[in-house]
Amino acid sequence: MELECAVQKYAWGVKGSKSSVAQLAKAVQPDLEVPDDEPFAELWMGTHSSGPSVIKATGETLGSYISKQPEVLGGPVIDKFGEQLPFLFKVLSVNQALSIQAHPNKNHAEQLHRERPDVYKDPNHKPEMAIALTPFQALCGFRTAQQIIKHFKELPELRKVVGEEAAEKFIEDHSEENLKTCFSAMMNSPKDIIASALSDQLQRFSEMDASKGGELLHDLFLTLHEKYPGDVGCFSIYLLNYLTLQPGEAMFLGPNVIHAYLLGDCIECMACSDNVVRAGLTPKYQDVETLVNMLEYGMVSAESRNFEGFKMDGYTTMYNPPVPDFAVDKIEVPAGVEQYTLRPMESASIVLVVEGSAGDVEVNPASLGEVPHATSLERGSVVFLAAGQSLALKPRPGSRLLAFRALCIL
Ligand SMILES: [Zn+2]
């Protein structure tokens, strides 16, 4: 069953036809206008009310369709999550940093929603996973203590926003508690101190020789400062891991892990929720106190943030995070393979074709009520599979087929 999916035009998105989101959406919605000056940030595949997907053949929303025949979700999904799709599947095309953020765990999300329903709009947790489509830059978790200490020693401006005393204390004893004190002090640093530290550092960088600049993240600092002048988040790069995922590499963001996406395109999957606690690198509402108190302050290397997939067969790699809400399959069928079948799952799933195309699509069992199933898949095609349905396809010769599939493992 083919879907037509919503595009979100957040300001941080890549503009015009350079955006993967615009390209994928346009490939199957030829009428979509893609002006060069408009950002195409996210493609949403799912039932979230802020951007519901629609069944192409009938115009009905996927959410409404599911509510009429919830059995398509699969018994285990209904038992665990009720009669709703538990995940939201996305493509992101990031041109400039998104806010420094973390997502609460389930209990905390319930509490935040109870206390401040205007800010925290639902009671659900929001674990999320990103799989890179292009080299994808992000900040994720706190750096190793050695790296943080090095930055404290080499950057007097960083010590200024953190406070000399807190920085010294961390250098002597790099406990999680002392890191929390430093991070809290930095995020709560008065605006005039941040402004003078930023201008001192810009001045120093302009006088520094280029080789030293790389070590001190000169270019990243300047890029962030250009987009978010005066924002203390520019200094966060010295405490947080800065990493670049290569295409196919993934990162899982469990509760309370601080992160910020910086640049590039990715596939993202998350529990169906909007609960984000933000502070820094954003014009949106910031809740520094909640963020500082909820974070996990473990210090680990950037490499250890890489989330490994698991090979299911020659062509499918599954990324299965430690939450029941979702998992993602990467399906990569090289040119020349005649047929490949996506295995039936106990849950409903959504498949997105990112590269290549396939004809002679066979869905088994075929019937999804009255709705006809797609007979071919093109780049940008998004299909919904009911629990228990398999999808056999014949990739068209000449290029590999790359697709991603969101599902639940229960
Ligand atoms: Zn996030």
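A residue is called buried here if 20 or more other C-beta atoms lie within 10 Å of its own, and exposed if 12 or fewer do. Keep that in mind as you click through this predicted model.

**Stop 1: helix H7.** Select residues 164-172, which make up H7. Ala 166, Ala 167 and Phe 170 are the ones to color as buried. They cover an arc of only 100° around the axis, so they sit on the same side of H7. What lies over the buried residues of H7? Among the covering pieces are helix H5 (145-154), helix H6 (156-162) and helix H8 (176-187).

**Stop 2: the core.** Next, pick Phe 87, Met 129 and Val 328, the residues with the most contacts inside the largest nonpolar core, a set of 125 residues. Then highlight strand E13 (residues 259-271), which gives this core its largest share, eight residues. Zoom in on Met 129: its contacts include Phe 252, Leu 253, Cys 269, Phe 307 and Val 328. In soluble globular proteins, nonpolar side chains tend to be buried together.

**Stop 3: the annotated domains.** Select 2-143, where an unreviewed UniProt entry places "Phosphomannose isomerase type I catalytic". That stretch is 23% helix and 26% strand, with its end C-alpha atoms 43 Å apart. Finish with 318-357, annotated in UniProt (unreviewed entry) as "Phosphomannose isomerase type I C-terminal". Residues 318-357 are 0% helix and 48% strand, and the end C-alpha atoms are 21 Å apart.

How values were computed: Residues are numbered from 1 along each chain as its sequence is written. This is a predicted model: local features need pLDDT of at least 70, side-chain atom pairs count only at pLDDT 80 or more; totals for chains, interfaces and linings use all residues. UniProt positions are given in the numbering used here, feature names are shortened, and annotations may be inferred rather than shown by experiment. Helices (H or I, at least four residues) and strands (E, at least two) are DSSP runs, numbered from the N terminus. A nonpolar core is a set of buried Ala, Val, Leu, Ile, Met, Phe, Trp, Tyr and Cys residues joined through C-beta atoms within 7 Å. Two residues are in contact if their C-beta atoms, placed from the backbone, lie within 7 Å. The arc is that of the directions from the helix axis to the C-beta atoms. Lists of a residue's contacts leave out its neighbours within four places in sequence.
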